[in-house]
Amino acid sequence: MVFFIMTKSLSCADAGSDCGWVATAETEEELMTKATKHVEESHKELQVTPDLAKKIKSLIKDV
Ligand SMILES: [Zn+2]
């Protein structure tokens, strides 16, 4: 069996934010953890609600 490791990427600009943050990770979970941390640190006006988490997930790209 062959496993392909896809790198997943997420950028804040894709979410419509005027922010240059970009992150990559091997799994969606890891990327979500990074994104949540970034939002908490840099976008204090935002709260990572289930709705926002869903939106962020939809912006994750395979690179
Ligand atoms: Zn940002």
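A residue counts as buried here if 20 or more other C-beta atoms lie within 10 Å of its own, as exposed if 12 or fewer do, and as partly exposed in between, with C-beta atoms placed from the backbone. The structure is a predicted model, in which local features need pLDDT of at least 70 and side-chain atom pairs count only at pLDDT 80 or more, while totals for chains, interfaces and linings use all residues. Residues are numbered from 1 along each chain as its sequence is written.

By the burial cut-off, 10% of the 63 residues of the protein chain are buried. The C-alpha trace spans about 45 × 25 × 15 Å along its principal axes. The protein chain has two helices and three strands, and from the N terminus on they follow the order β-β-α-α-β. These elements are DSSP runs numbered from the N terminus: helices are H or I with at least four residues, strands E with at least two.

C12 sits in the loop between β1 (8-11) and β2 (22-25). Two residues are in contact if their C-beta atoms, placed from the backbone, lie within 7 Å. Leaving aside neighbours within four places in sequence, C12 contacts S17, C19 and W21. The C-alpha atoms of C12 and V39 are 9.2 Å apart, although 27 residues separate the two along the chain.

V39 in turn touches L46 and V48, not counting residues up to four places away in sequence. V39 also belongs to the largest nonpolar core, together with L10, L31, A35 and I56. Helix α1 gives the most to this core, with three residues. A nonpolar core is a set of buried Ala, Val, Leu, Ile, Met, Phe, Trp, Tyr and Cys residues joined through C-beta atoms within 7 Å.

Helix α1 (residues 28-42) packs against helix α2 (residues 50-58) at an angle of about 125 degrees, with the axes 11 Å apart. α1 is therefore oblique to α2, the class left for angles that are not under 35 degrees (roughly parallel), over 145 (roughly antiparallel) or 65 to 115 (roughly perpendicular). Axes are lines fitted to C-alpha atoms, for helices over the stretch in contact, and angles run from 0 to 180 degrees between N-to-C directions. E28, M32 and A35 of α1 meet A53, I56 and K57 of α2.
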